[in-house]
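Hi,

Here is the structure I said I'd send over. Have a look at it first, and then read my notes below.

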Amino acid sequence: MKVDLFTDPSQPPLNFLKDIMNYLFKYVILKFKYHKDIIYCMYEEEKLDITRFKLSRREAISKTAKIAIGAVIVAAVAGAGGYYAYTSLYRPKAHIKVVAIAHAAPGMKAVAEEDFMKKYPNIEVETLLFDWETGRDRQIHDFSTRAGEYDVYMWDCIYTGAFAPHCYPVEDLKAKHPDAEIFTNYADFLPTVDKRYCYWGGKRIGYTICSNVMAMFYRKDLWQDPKIQDMYRKWIDRNISDLKAKAPEIGLDPNKIPTELVVPKVLEDVYAIGRFFTRKFNPDSPVEAGNTIMAMRTHTIHWEYCWLFAQWRRSPEGMRICGEPVEPWGDLFTKDGKIAFDPEITDMGIKVMKMFKEFCEYVPNPMQTEWSECMELLGRGHAAMWAGSWASTFIDFIEKAPEEYPEVAGKIACAPAPGVPIDGTWQVGVSKYSKNPREAWLYCQYLVLRESMIKQWKVSSSFPVARSVIEELAPGYPGIFKEVFLESLLRAGFRNFVPENPLLEDSIAKWVTEYVAGRIDAETATREMTKEWKQILKLTY
C-alpha cells in the first residue's frame, strides 16, 4: 500500500494544508510518503535539489502534526482573504462556447484571446466561427433541444424576436450574479440601434457589438478619369431614351437619370451608371460588372429587396400609402402591420421585383453570386462598384487592400449606400441554457468596453455602438466614420425582426430567386410571396 498524504484525494485535510503551505513558502514543499512501514519526507527547494531521508513513524507523525498546527494557525490569521485566494486560484476553469459570425468574428476572437482570458484566467473562451446560415441553423437547433451547446448566442438584428425567448434578460443576470456586472454606461449607446435590437418585451436581452449599416464602395479612379467621364456623356446621350422608357416599369423616376458620371446617391444613378459600366451593355467599359449584387438563394435577398423597396417606402407617396415604418415591422410593412409590397396595397412590390432582376444583369452569374463573389468582383478589379455593400467591408477594400486586394489598393472609396441604407447590426446575448451564464455574461459585457470596441473596429471593421468611441475614432477616418457610417445608421431603414423571421427570410429568398431564374413572372412571385407571408404571420386582412 502506498499513500501520498498530501496529494492523494482520500486525504483532503492534508491536501488542503499542503496547498496553503505551498502558497506561503512558494518553492518549499514538504511531502510525506508511506511505504512498507517507513515514512519518507521529501524536501524540494526551488525545483532543483531533492533530499530524501528516513523518519521513524513517530517522528513523521509528530512532524506532520506540527506542520498541520502551524498551517491551521496561519489559515486562521489569514481569515477569509486567504480562503478566497485559495478558492479563486483553485477554482476549475469555466469553459464557454461563443458563436461568432461573419465579419465580426475575427474581432470577437481577438478580444477573447488577447484580452479577456488574460483578465479572467479562470474562464476559457472557445470562439466558434460560422457563416450566417450555419450559425443561425445551429443556434435554432439549440433552442429546440435546450442542450446548452452554446453559452453566448449571436444574431443578426432581424432575428431579435426569434432569439429573445432563448436569451437571459440582463436584469435576471444582474440579480443572480451582481458581482459579475462590469458595464453600466448604457446611455452611451446609439439609441436607434440599442433600443431596437437589444430589447424584447421591454427587457434587455443583449448587446450590439457590430453596428453594421449599408454603404457603397466604388472605384474612385474610374469616376475621376476624364476619359471615362467623357465616355459616359456620349454613352448616356445614345441610351437615355431607352433608360427613361424602362425606368417606370422598375419603379424608378425617369427624370432622375444622371447625365453626368456622378457618385450614385439614388437608385436611378445605380441603374444608369451600373449599365454603363457593364460590358454586356457597353462593350467599351473598363470593367466587366457595373455593380455587384447577390441573387443566390440565401438571407441576403431579404436586405437587398428591402433596400430597393425602401427608397419608395420612405418617399412622400410611400409614407402617404403605408404610414411611418414601426417596430418590429420595418420598411416592408405598413404602419398598421400589413405587408407593404402586397399588390393589393401598391404595385411597387412588383416593380421592385423587376428592379432586382435588372440589377442582376450587371453581374456575370447572379444566381451563383453571394458575399464572397461580390468581394472578389470588386476586390480583383472586375466591378465598378458595390452599391449595396456594408460598412464592415471597409477593412478589406480600404484598410487592408494592399494585402488582400492589391489590384485595387488605393483605388476604392466609400460613400453612403444610394437611396435609403438598411441597418444590419449584430448582437450577442447569454443563452438561457448555458451552464456558465455568469462567465458568458462577463464576456458579453467585456465586448462593449471601450478598449474592446476599438479593437473590434481595427481587427474587423465592427462599427462601435458607443457614441464616445465613435467620437474617439472619427479623427482617424475623416469623411467616412461620421459622415458615412454614423449618418447612415441614424437615418437607416430597417427590416422586420419578428419571431417568425426565419420563415419570412426563407420565403422572400425563395420567391425572388424563382423570378430572377425566370421560372415565374414578377407579379406571380410577388403575389405568392405575399400569400406565404400572410400564412406565416397568420394575417387575415
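**Where H3 meets H17**

In helix H3, Met 108, Val 111, Ala 112, Asp 115, Phe 116 and Lys 119 are in contact with Glu 439, Leu 442, Tyr 443, Tyr 446 and Leu 447 of helix H17. Sorted by class, that contact holds eight nonpolar and three charged residues, with no polar ones. H3 covers residues 105-119 and H17 covers 437-447; their axes come within 11 Å and cross at roughly 115°. The crossing is right-handed. Bear in mind that this is a predicted model.

**The sheet**

The other thing I looked at is an open sheet of three strands, ordered S12-S11-S13, with antiparallel pairing. S12 (385-390) and S13 (412-416) are the edge strands, and each has a single partner strand, so one side of each has no neighbour in the sheet. From one strand to the next, the twist averages 30°.

Strand S11 (residues 214-219) is joined to S12 by four bridges, the two running antiparallel. If you want a spot to check on screen, Ala 215 has Ser 389 in S12 as its bridge partner.

**Helices on the sheet**

Which strands does helix H11 touch? H11 (residues 300-313) packs on the sheet against S11 and S12, and its direction makes about 110° with that of S12. Helix H14 (residues 371-379) lies across S11, S12 and S13, and runs at about 140° to S12.

Cheers

Notes: Residues are numbered from 1 along each chain as its sequence is written. This is a predicted model: local features need pLDDT of at least 70, side-chain atom pairs count only at pLDDT 80 or more; totals for chains, interfaces and linings use all residues. Side-chain values use heavy atoms; hydrogens and water are left out. Two strands pair if DSSP finds at least two bridges between them. Axes are lines fitted to C-alpha atoms, for helices over the stretch in contact, and angles run from 0 to 180 degrees between N-to-C directions. Contact means heavy atoms within 4.5 Å. A crossing is left-handed if the near helix is turned anticlockwise from the far one by less than a right angle, and right-handed if clockwise. Ala, Val, Leu, Ile, Met, Phe, Trp, Tyr, Cys and Pro count as nonpolar, Asp, Glu, Lys and Arg as charged, and the others, Gly among them, as polar.
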